[in-house]
Amino acid sequence: MKSPVPDRRLTENFRTHEFLVSKDHPRLARKLRPTAYHVSNLHLLSVTILQPVRTHFGVPVIPLSGYRDYWLNDAVGGHKESLHPEAKAADFTTPDVTMLPAMFEYILEELPFAWSQLIYYADRNFVHVGLPHLGAPRICEVRGRNDVQRFGG
Ligand SMILES: [Zn+2]
């Protein structure tokens, strides 16, 4: 069953449906019904962070998770105050995961005002980015299997 949500083009390389996904819970992901508010946040994520990364590196940037309703956020063990239910966060990877550290650094150095959360999950091969959000503390970290490296951001 395909999602009945319109698959809108957000930027040159990103569309709404790419943010309505879950590898572990595909059936829940198909039940996602983002509002106009959520879609505009996905647009902002694409315009200010993901498309600049895609354009700079010239390789696919693949969202693993974007918008999650609260039930999907619970199902994937997401943090209670996660920005995913606001559609203000995305987890992404790229086919060549050795490029992820450079992508993390690019977002850190070149797009410093676009995010409030930037976390590179080095042991799981994805980067989480969250948009600025009132009251959300700024977080910039590299998380490994056994350690966390924090950056001033
Ligand atoms: Zn995330």
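Strands S3 and S4 form a hairpin with 4 residues between them, and Asn125 in the turn has a positive phi of about 60 degrees. The model is predicted: local features need pLDDT of at least 70, side-chain atom pairs count only at pLDDT 80 or more, and totals for chains, interfaces and linings use all residues. Numbering starts from 1 along each chain, following its sequence as written. Helices (H or I, at least four residues) and strands (E, at least two) are DSSP runs, numbered from the N terminus.

**The hairpin and its turn**

S3 and S4 run antiparallel and are joined by 5 bridges; two strands count as paired if DSSP finds at least two bridges between them. Tyr121 has Phe126 in S4 as its bridge partner. Asn125 lies in the loop between S3 and S4. Its positive phi occurs although Asn125 is not a glycine. Most residues other than glycine have a negative phi. Asn125 is partly exposed, because 13 other C-beta atoms lie within 10 Å. The scale behind this word is as follows: a residue is buried if 20 or more other C-beta atoms lie within 10 Å of its own, exposed if 12 or fewer, and partly exposed in between, with C-beta atoms placed from the backbone. In S3, 4 of the 5 residues are buried, so the strand is mostly covered.

Tyr120 has Val142 in S5 as its bridge partner. S5 (residues 139-143) is joined to S6 by 3 bridges, and these two run antiparallel. Arg143 stands opposite Val148 in S6.

| Strands | Direction | Bridges |
|---|---|---|
| S3 and S4 | antiparallel | 5 bridges |
| S5 and S6 | antiparallel | 3 bridges |

Which residues of H4 are buried? They are Met103, Phe104 and Ile107. Seen down the axis of H4, these buried residues fall within an arc of 100 degrees, so they line one face of the helix; the arc is that of the directions from the helix axis to the C-beta atoms. An α-helix has 3.6 residues a turn, so residues three or four places apart point the same way. The face turned away from the buried side of H4 carries the exposed residues Glu105, Glu109 and Glu110. The cover over the buried residues of H4 includes H2, S3 and S4.

**The core**

A nonpolar core is a set of buried Ala, Val, Leu, Ile, Met, Phe, Trp, Tyr and Cys residues joined through C-beta atoms within 7 Å. The largest one has 30 residues, of which Ile49, Leu50, Ala90, Ile107, Val127 and Val129 touch the most other members. H2, S2, H4, S3 and S4 are the elements that give two or more residues to this core. H2 gives the most, with 5 residues. Not counting residues up to four places away in sequence, Ala90 touches partners including Phe19, Leu45, Leu50 and Val129; a contact requires C-beta atoms, placed from the backbone, within 7 Å.

**Two loop residues**

Ala87 lies in the loop between helix H3 (70-75) and S2. Its phi is near 60 degrees, a positive value in a residue other than glycine. Ala87 counts as buried because 27 other C-beta atoms lie within 10 Å. Ala87 is one of the residues touched by Pro34. Pro34 sits in the loop between helix H1 (26-29) and helix H2 (36-57). Pro34 is buried, because it has 21 C-beta neighbours inside 10 Å.

**The whole chain**

The protein chain has 4 helices and 6 strands. Of its 153 residues, 32% count as buried.

Key:
Two residues are in contact if their C-beta atoms, placed from the backbone, lie within 7 Å.
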